[in-house]
Amino acid sequence: MEQEITAAQRRRGTRFVFFAALLYSIGGLCIKLIPWNAMSINSARNMVALVVVGGYMLLSRHRLRMSRWIALGALSVCGTTVLYSLSNKLTTAANAIVLQFTAPIFVILLNAVFWRKRPGKLDLAACAVVVSGVVCFFLDGLAMGGMLGNALALLSGLCYAGVFLLNDLPDADPVCSVFWAEVISIIIGLPFLVRETCFTTTAIVSVVVLGAFQVGLGYVMMCIGLRTTPAVTAALITGIEPILNPIWVAVFYGERVGTLALVGAVIVVAGVVGYNVLKSRREQHARSV
């Protein structure tokens, strides 16, 4: 009976992670449709998201609290959203999301530096593959004028890695971290938001969609899903985000992606997904021996 409950919980968690990744993937398109400063967009969407996350906490009776680990998690979430918003305005949506998708590689590196967990051969091979893909983005960025955007997207990936690492630390609380991250994002972006003058219907609708679904509901679903979904499985599922994100932008916004950047996208996504597949097979084999 216990195994059946566990299997059901894992299937439920997997669905939550999948839908969270779908919601995350609309971010690039909505940001492109809003003619505001990136900091203004991030502040406005977090105002809406704060209502969603706050409502979830009230309904689930999740107590709001603060600790140093929650604060560090909040800074990681805030850094992820702010840097992604900035990079999306300075480079292509494909570059921004795929470079952010380097987060699993940063997890490996941060584990080695701060927790003294030595990476294995597979870990190092995955790092080498992903770095080669990142190089393609930067070479393409030199030609397309998106070098700064590429750099910010890469830093967003580093912050995103911090979010995953803090999820398992003592006294960590991902939901509270998300709540405080939204408060911080609203405050630092508010001086930019009050200067905006173009409040078209498209801009307002896009902000509401970003806040309510891409950030608010997306993060709530991810927090719920990660409770019962193994990290390897979650990483595989979220691999749909860097694929769908530029597709929505290309179809509805008409943004073209450089050839070298496309090559880099394939390398980065294949490297991360391939790493997780091989890692999962090794773990299953080790358990069966």
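Me: In which helix does serine 87 lie?
Reply: This is a predicted model, in which local features need pLDDT of at least 70 and side-chain atom pairs count only at pLDDT 80 or more, while totals for chains, interfaces and linings use all residues. Residues are numbered from 1 along each chain as its sequence is written, and side-chain values use heavy atoms, with hydrogens and water left out. Helices (H or I, at least four residues) and strands (E, at least two) are DSSP runs, numbered from the N terminus. In that numbering, serine 87 lies in helix α4.

Me: Does serine 87 count as buried or exposed?
Reply: Buried means under 20% relative accessible area, exposed means over 50%, and partly exposed covers the range in between, with a 1.4 Å probe and protein chains only. Because its relative accessibility is 0%, serine 87 counts as buried.

Me: At what distance does the side chain of serine 87 reach the backbone oxygen of tyrosine 84?
Reply: A polar contact is a pair of N or O atoms within 3.5 Å; within protein, one must be able to donate a hydrogen and the other to accept it, and residues adjacent in sequence count only if both atoms are side-chain atoms. From serine 87, the side chain reaches the backbone oxygen of tyrosine 84 at 2.9 Å.

Me: What is the count of disulfides?
Reply: A disulfide requires a pair of cysteine sulfur atoms within 2.5 Å. Cysteine 30, placed in helix α2 (residues 27-33), has its closest cysteine sulfur in cysteine 198 at 16 Å, which is too far for a bond. For cysteine 78, the closest cysteine sulfur belongs to cysteine 159 at 8.6 Å, again too far for a bond. Under this rule the count is zero.

Me: How many aromatic pairs does the structure hold?
Reply: Rings of Phe, Tyr and Trp (its six-membered ring) pair if their centres lie within 6.5 Å, with planes under 30 degrees apart counted as stacked, over 60 as edge-to-face and the rest as tilted. One of the pairs joins phenylalanine 18 and phenylalanine 19 edge-to-face, at 5.6 Å centre to centre and 70 degrees between the planes. Another is edge-to-face because the rings of phenylalanine 179 and tryptophan 180 have centres 5.4 Å apart and planes at 90 degrees. The number of aromatic pairs in the structure is four.

Me: What volume does the second largest cavity have?
Reply: On a 1 Å grid over the protein atoms alone, a cavity is a set of points where a 1.4 Å probe fits but cannot get out, and lining residues have an atom within 4 Å of a point. Grid points are joined across faces, edges and corners, and a volume is the space filled by probe spheres set on the points. A search of the whole structure finds two cavities of 30 Å³ or more. The volume of the second largest cavity is about 150 Å³.

Me: Which elements give two or more residues to the lining of the second largest cavity?
Reply: The lining includes Thr80, Thr81, Tyr84, Gln214, Val215 and Tyr219. Two or more lining residues of the second largest cavity come from each of α4 (68-90) and α10 (201-228).

Me: What distance separates the C-alpha atoms of aspartate 168 and arginine 227?
Reply: Aspartate 168 lies in the loop between α8 (147-166) and α9 (174-193), where it is exposed, with a relative accessible area of 67%. Although aspartate 168 and arginine 227 are 59 residues apart along the chain, their C-alpha atoms are separated by 9.8 Å.

Definitions and conventions:
On a 1 Å grid over the protein atoms alone, a cavity is a set of points where a 1.4 Å probe fits but cannot get out, and a pocket is an open set with protein on both sides within 12 Å along at least five of seven lines; lining residues have an atom within 4 Å of a point.
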